[in-house]
Amino acid sequence: MIFNRYKLHQALLIYFFVVFVPSWSSAEDLTTPAPTLEEREFTYSDLQPCALSSVELHKKNQAEDYVEPCIIADVQPPENQSNNRSAIITIIQVTRTSCGPWRDGSIIAVDKLNNDNDGKGVAIGFQNDFYVQFRLVSIVSGNQVNLDESEYNRRHVMLLNSTLETLKPQYIVGTCSWDAYLEKGPALAYKTIISTQVGPPEFYEDKNPYVFGMHINSDMYPQPAVQELKFFAETLPGGLSDQPMRVIYRNKSGFFNSTCRAAIDLAKSSGLTDVVAFEYDPEGDHDQNGVTNDLDEPFLQSLADQACSPGSEEQKPALFLCTLIEHDVILERLKQNGCRPISLWATPSTWGWASQNPDVIPYFQGGGQWHKAFQYSDRYFTSGQALLDYYTEKNENADAQYDLVVSYAIPVLYSQHIIASYRIEDDPDPLQDFKSEKKYEFLRRDLVILKADTIFGPVTFDANQRNEGRGAAATQWLPDDTTGSTYENKLTSPLLQAEAKIFIPVPGATDCDSGEFVNVTAIQNDDCILCNKCDSCPTDTFTLESNQQLQCNACPPGSTTTGKDGQELCTIIKENLLPNTLLAFAYVGVSIVWLLSTFFIYWIIKNKEDPVVRIGQPEFLVLICVGAIISSSSVIFLSLQAGNEEDTKWASMGCMTAPFLYGIGWVIEYSSMSAKTYRLFKMMNNPRMQRIKITAYDMYKIVVGALVLDVIVLGTWAIVSPLEYVRRESSKNVYDGLETIETYGECAMTDDYSVFCFAGPLIGLHGLLMIATNYLLYMVRNVEGRYQEQKYVAMASAYAFEVLVIGIPVLVAVQDSVETRFIVLSSIVFLSDIGILCFVFIPKMMFLKEGLPEGVRVNESITIDTMQKAKNREVAKKAMSYSMYSHTPVESENTHPSSIVGMKSLLESGAMDLEPIPIPEASSEEELGEDDSGRVFGSSISTVKIGNGANRLPAEESLSDSAGLSIVSTEDEV
């Protein structure tokens, strides 16, 4: 039974102390200060159960916390389970108050063993019909902080000897490592097996036959780090001789001294030649200033200076520190020196110091006895971590350390020792054998050769009877797998249990990537000495490749890093923006179109009464000019651009505005020609000579209709996938850290649509409009050229088509050349607009300047036929007049109009008609028609002067010809 588990027992014990021990007034007096009596004797029989639990006593480590020696646990087999086929094996343990985990593990193990086989204990023998149960007596010898060292040592040994004498146990569970040396003598004196919980090899060098070391040899702690360092050094250009190794270690305490000495010896035996050790006496006073070396900061700093001197940035030693409290000063000095160790192994990296310094510890290596990642198990727990979880669940706020796993494994090891020793015995009698000195020696030897599997790992013993069943738990603080922002102490050895590979070289010693440099300020100021010390190159500096430079290279003149940090190249970006000369060319072209359009509008207004303008329908002629102005304005928006780092808002707006302007302007131009031509066509296509009324408003519908269709396509384009200004790379050239990038800007679709999804319908619409216009012009081809533009518009259309046929392939070929592309696009617009304007207006200006032929009236000049007849008539008149008044002889049978005979021939053939055209009187509102002889009647026509623009008509004048055509030339109707 366990005394401190039962409150009733505690109450009885307290009552006993109060009644029978007058010097104690209450249970609390158990922890009150007592007189210091070095002569006081302590025996097992005097001990009482502890008033506090093991967890509570573990925390009694202050000077004022006096603790009287007591029994913390007396674990015995369950009642009524003993019989003649069973034996009770006694185990004892003595610990100080602060050794809670070192004793609590054994308590758990004995409790589990005794409950095997339904409470019978552990089955042994060949038939497994003999049962061994265990009794564990665990004693707390006092608070070592409250006592002086010699007094505590006296009490500890006295209590252990008394317990050995009284209980005559078969085994001892060793105390915590600090006091382990106190128990070697009693174990030898009483010839009792003890499993110690201490690692340094010197502890076992005296070869005490009863001392068995459960701990792994601490000399193995740095072994994986040295081996990995060797593997890395072999990859260096100079091999093993290229890698320096520096060791700083205490010469006091077997653990610190032997651990680092083992690292030095292994390194040298592995072929590393540049190995320098700095040994010091922590209790000495090198300068006799009254401060011991372990607290003397200048002394410790001098050790750091020797290991990694200031200004030795190129030197990246592997550091090994076997220190107790000195490492804080040493690490700070290493940072001040700018040291960048390639690896760092330190004894405190597996202690509580590591958890208290999370910003310092990343990538530190260390070693220990056990790690939570170990998957060793037994029949009670699946792993050591499962045992710790069980312990903390049972004991709230308990300090669950690996020592609990070790102390738990010792009683389990003893049970396996007994099982192995009696595995072929039919009638085992372990109690008698343990009492026999000879047979006890056989049992001891059985333990020497035992191979057991425990929750602490495989256990076997070497020649010095210390555990060599597995390697030490090598660890390294590496980034957490889930977050990467925190670090955890990961197991790196033994190999079969490892959860990570040793990381060497550490980030702080690796070369910086291109675009980075070694930041000395970070080395000196960052808490983490092994973390990455590389920093991004500032703006307008660079590093071309991996490096250890302390500063970045400045960009060559004229180049930049485009405002970015951490660049491996400096960049010269050639934006290939449109030069001012080219922009000037474009604006001059726009100005020419605008000036021509303005001039032609002025000319139309000035000559609006002339038949050439009036019959050419001035309102639509003006629209053609307006369309040219709008169309050419697209070039202005095409010229909007933005550099690589500039806002593209206006340039993007120009991208979508340009097709709007060009499309609308072009449609206005051609739809205006279509409307005026259609009006003329309706007028000419009137065989019955009925009066028809075709207003300008009716013709505007054609213009508006064409515009609506065009705007629908353009609007859909702008909504679904508007053009945006983007900059693209056309080429890139890198040389000696300088990157030259050729870029250009262009208008591109914002989505995955092809530009032809929208440009295709526009091209089709414009093509149909062009065809319709030319068709209508063809239908009025008999109208005199001075009043319609069939020939000239056809020429303009062919001209525009030729511009597109040549321009589009060129545009595709020079897609990456911004300047050429802009020239081609703007030229297409200019040439198209200028061509239409010139082909429409220049012939009219020439006709207006020439005027009508002499004697030809306006109504006779409408169609080609009437015009020709009128010209012939005037020629005949001239010929007759010449013949009548000339004395020149007339040649007979000459058909020339200048002869009478020729005139007669022309008249008889009908080619010339001298009969005046009768124009009967009619109201201007009267419908046009024919009389009985088929002649046209309508409004009267005034006499028209011929030549020099004198062929203007009054506003209500009617034009007639002998073919029966009548045109009412008014402001608003025909």
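**Exercise 1. Describe how helices α7 and α8 pack.**

Solution. Start with the hand: α7 and α8 cross in a right-handed way, meaning that the near helix is turned clockwise from the far one by less than a right angle. Helices here are DSSP runs of H or I with at least four residues, strands are E runs of at least two, and both are numbered from the N terminus. Keep in mind that this is a predicted model, where local features need pLDDT of at least 70, side-chain atom pairs count only at pLDDT 80 or more, and totals for chains, interfaces and linings use all residues. Residues are numbered from 1 along each chain as its sequence is written, and side-chain values use heavy atoms, without hydrogens and water.

Next, take the geometry. The axes of α7 (residues 223-233) and α8 (residues 254-269) come within 9 Å and cross at roughly 25°. The two helices are therefore roughly parallel (angles under 35 degrees).

Finally, list the contact (heavy atoms within 4.5 Å). Q223, V226 and Q227 of α7 meet A263, L266 and A267 of α8.

**Exercise 2. Work out how β24 and β25 are joined.**

Solution. First, β24 (residues 723-735) and β25 (residues 738-749) run antiparallel, joined by 12 bridges; pairing takes at least two DSSP bridges. As one example, R728 has Y744 in β25 as its bridge partner. Then look at the turn: the strands form a hairpin with two residues between them, and D736 there has a positive phi of about 55°.

Methods. Axes are lines fitted to C-alpha atoms, for helices over the stretch in contact, and angles run from 0 to 180 degrees between N-to-C directions. Angles under 35 degrees count as roughly parallel, over 145 as roughly antiparallel, 65 to 115 as roughly perpendicular and the rest as oblique.
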